[in-house]
Amino acid sequence: MSDQNSTALGDVVASHESALGARDIHAVKPQREIREALNDSRLVLHYQPILRLDNFAITGVEALLRWDLPDGVSLTPDDFLPSVSQTPIMREITRHVLRTACSEAVHWSDWTVSVNVAASDVVHPAFVDEVTTALEATHLPPNRLALELTEQSVLLDVTQAITNLERLRSLGVGISLDDFGTGYSSLLYLRALPITQVKIDQLFIQALGKSEDDAAIVESVVRLAHTINLDVTAEGVETPEQVAFLQSIGCGDAQGYLFGRPRPATSLSSTTTSDWVGPPPRKAIRRRRPETDASTLTKVRALLAEGASLHTVAAALNKSGATTHLGARWSARSVARIVADIPDPT
C-alpha cells in the first residue's frame, strides 16, 4: 500500500479512542512517522521468556517490537510493519531492533535473545553485515543471538537466504524457523537449510485438548524435528495441560502467557523467574491413535523419506484412492495423526 493511501497518526490515535481499540487498528503508518518514532525512542522492545520444559528454567527471551504512542497506546508490529515491509525504513527498523536487543542482552548472564527478522531482511545482501555490526558494537557473543524467520521468507529467494543463513551460522548465531506448521514444507526438506530450531505456531498449541488433529500435528513436528537434530519450542502456551502434553511428547522449550508476558528490559534480570510456578497436572492431554492399514503406512513412510510435506502426502494418498479409517479423504491433519505412530523416516 502506498504512502498516498496512508492514514495519519492522528487518525490512528482517533481510531484507538473508538470502540475498535488499539489491537484492531490496521491503518498504514507513513515512513516519516515511524522514522520520527525511531528518533524519539518510541520504538521499544519488550521481552517474553523462553523456558526449558524439563526444569522450567528460563534460557532466553524473544524480543518483541512495540510502538509507544504519546497517549500511552502501545502498538504491536502487526499494526504498522506491513505498511513499510518493502520500504527503506524497514532496514532502519531492523538495524534498530538488532542493536537494541544485543545491547540489552549483554546485561543478562547467559540468556539468548531471539529477534524476528522480515522476509526482506533474510535475503538482503547487507543483512549479515548488519548482524555482525550489532554483535561487535555491543560485544554480545554470537551464540547468544538467535534470528527467527518464517518459511515464506526463505522461499522468497532460497539461494540468497541459504547464503546469508550459512554465513550467520558460521559466526555461531542461532537460526529459528518461526510459526512452523502453517506452511507447506516438510522438516526433511528444510534440513537443507542451516536452521537450529523450529517454533510450533501457537494456533496448534492453543488447540491442544480441543482438536486431536492439531495435537497430532504438534506431535509429528516434534518427532520429525528430533530426527534431524533440531530443537523445538512451542509458542502460545497458556495452560498446565498444554505443558503436560508437550512434556509427554518430548518438546524441549516453550513460551507463552502461562510463563510470562512480554515486559521491558528494565524489569528483567538474570535472576528473573517464570511467572508460573505450579507443577503441571499428572495426566497429559492424550489423543486416540487412528487405525491405519499397513499399505497406507508403507506409502506414508516412503513419501516422508523423500521429504514430502504433510500436504503432499495427503494429496498423494487421495490420488491413489486411499481413504482414512473413517472412509474420508486425507488432509494434512489426518496424515499428521499417523506420522507420530510410525518409525522415523530414513
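**Close-up views of a predicted model**

**View 1. His139 sits exposed in a loop.** His139 is exposed, with a relative accessible area of 68%. Exposed means over 50% relative accessible area, buried under 20%, and partly exposed in between (1.4 Å probe, protein chains only). The loop holding His139 runs between helix H6 (127-138) and strand S5 (145-150). Helices (H or I, at least four residues) and strands (E, at least two) are DSSP runs, numbered from the N terminus. Phi of His139 is near 65 degrees, a positive value in a residue other than glycine. Most residues other than glycine have a negative phi. This is a predicted model: local features need pLDDT of at least 70, side-chain atom pairs count only at pLDDT 80 or more, and totals for chains, interfaces and linings use all residues. Residues are numbered from 1 along each chain as its sequence is written, and side-chain values use heavy atoms, with hydrogens and water left out.

**View 2. Ser41 also has a positive phi.** The value is near 60 degrees. Ser41 lies in the loop between helix H2 (31-39) and strand S1 (43-52). Ser41 is exposed, at 55% relative accessible area.

View 3. Ala192 is exposed, with a relative accessible area of 55%.

**View 4. Arg66 is buried without a salt bridge.** Arg66 belongs to strand S2 (residues 58-68). A salt bridge needs a side-chain nitrogen of Lys or Arg within 4 Å of a carboxyl oxygen of Asp or Glu. The nearest side chain of opposite charge, Asp68, is 7.1 Å away. Lys and Arg count as positive, Asp and Glu as negative; His and the chain ends are not counted. Leaving out residues up to four places away in sequence, Arg66 touches several residues, including Arg42, His46, Pro77 and Pro262. Contact means heavy atoms within 4.5 Å.

**View 5. The largest pocket has a volume of about 1,400 Å³.** A pocket is an open set of points on a 1 Å grid over the protein atoms alone, where a 1.4 Å probe fits, with protein on both sides within 12 Å along at least five of seven lines. Volume is the space filled by probe spheres set on the points, which are joined across faces, edges and corners. The lining comprises 45 residues, each with an atom within 4 Å of a point. Leu64, Pro77, Asp78, Asn116 and Asp178 lie nearest the centre.
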